[in-house]
Amino acid sequence: MPTKKKPQVTAAAVRRGELLNTAAEVFAEHGYNATTVRRIADHAGMLAGSLYYHFDSKESMLEEILRTFLDELWGGYDTVLAAGLGPRETLEALVTESFREIDRHRAAVAIYQKESRHLAAQDRFAFLAESQRRFERAWLSTLERGVAEHVFRRDLDIRLTYRFVRDTVWVAASWYRPGGQHSPEEIARQYLSMVLDGIAVRAQHEAHGEHSEKNDKSEHSG
């Protein structure tokens with residue numbers, strides 16, 4: 001059988017990717033509203049008019065940056081959620097996938113954190129609000145399942161925990177730099193060791209609680 005040819009990556013496609021990376025860094029540093037096409041072009045070392053050869057507006061650039069990030073994020077999340085893992089393992093995998101996305105799309109994550117709330121009100125960026133709803137459902141259902149299956153503490157405030165995990169994971173985009181001392185997987189391991197010790201059921205504590213309940217029952221029966 002003939003072998004399937006790999007799609008050719010053209011010079012124009014490579015240049016387009018480079019320009020999007022530059023634009024993402026500029027948006028992340030200066031903010032979307034303060035960023036002009038000229039500023040992006042200056043950082044890219046080209047004339048503003050030449051940038052329009054690749055993109056019709058800065059809105060188009062931002063949309064492609066955010067869609068690329070979210071499409072890749074949900075590709076990883078959907079794989080995790082379809083894997084049939086237990087709630088703790090699901091949470092661990094989601095956190096790890098999140099840090100990998102920060103490694104791959106640090107600037108896009110920073111833009112998403114800063115800009116998504118007001119951008120989502122625009123029809124062009126309505127996909128941001130839908131992604132946020134999906135994100136919330138995925139994390140809340142994982143935490144709820146963990147409580148129901150006695151993997152996470154039964155007194156856990158699910159929504160508060162979700163907000164804490166969400167914000168403390170994604171804020172890493174403000175300080176993380178790809179190629180640093182720690183890999184995204186190592187950062188995820190360190191993060192999870194701190195968080196899960198706080199929400200996981202502690203066997204000794206649970207055993208003590210069951211023992212106390214048995215003693216109470218014995219006293220009442222006596």
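Which residue lies over the face of Tyr 32? Lys 58 does, at 4.3 Å from the ring centre. The legends below describe a predicted model.

View 1. The whole structure holds 12 aromatic pairs. One aromatic cluster is formed by Phe 69, Trp 74, Tyr 77, Tyr 112, Phe 135, Trp 139, Tyr 162 and Trp 170.

**View 2. Phe 69 and Tyr 112, an edge-to-face pair.** The ring centres of Phe 69 and Tyr 112 are 5.9 Å apart. Their planes stand at 70°, over the 60 degrees required, so the pair is edge-to-face. Phe 69 belongs to helix α4 (residues 58–81) and Tyr 112 to helix α6 (residues 106–119), so the contact ties together parts 43 residues apart in sequence. Phe 69 is buried, at 1% relative accessibility. Tyr 112 also counts as buried, at 11%.

**View 3. Phe 135 and Tyr 162, a tilted pair.** Here the centres are 6.4 Å apart and the planes of Phe 135 and Tyr 162 meet at 55°, so the pair is tilted. Helix α7 (residues 126–148) carries Phe 135, and helix α8 (residues 158–170) carries Tyr 162. The pair therefore ties together parts that are 27 residues apart in sequence. Phe 135 has a relative accessible area of 5% and is buried. Tyr 162 is buried as well, with 1%.

**View 4. Arg 134 over the ring of Trp 74.** The charged end of Arg 134 sits 3.8 Å from the centre of the Trp 74 ring.

Technical notes:
Residues are numbered from 1 along each chain as its sequence is written. This is a predicted model: local features need pLDDT of at least 70, side-chain atom pairs count only at pLDDT 80 or more; totals for chains, interfaces and linings use all residues. Side-chain values use heavy atoms; hydrogens and water are left out. Rings of Phe, Tyr and Trp (its six-membered ring) pair if their centres lie within 6.5 Å; planes under 30 degrees apart count as stacked, over 60 as edge-to-face and the rest as tilted. Helices (H or I, at least four residues) and strands (E, at least two) are DSSP runs, numbered from the N terminus. Buried means under 20% relative accessible area, exposed over 50%, partly exposed in between (1.4 Å probe, protein chains only). A charge sits over a ring if NZ of Lys or CZ of Arg is within 6 Å of the ring centre and within 35 degrees of the ring normal.
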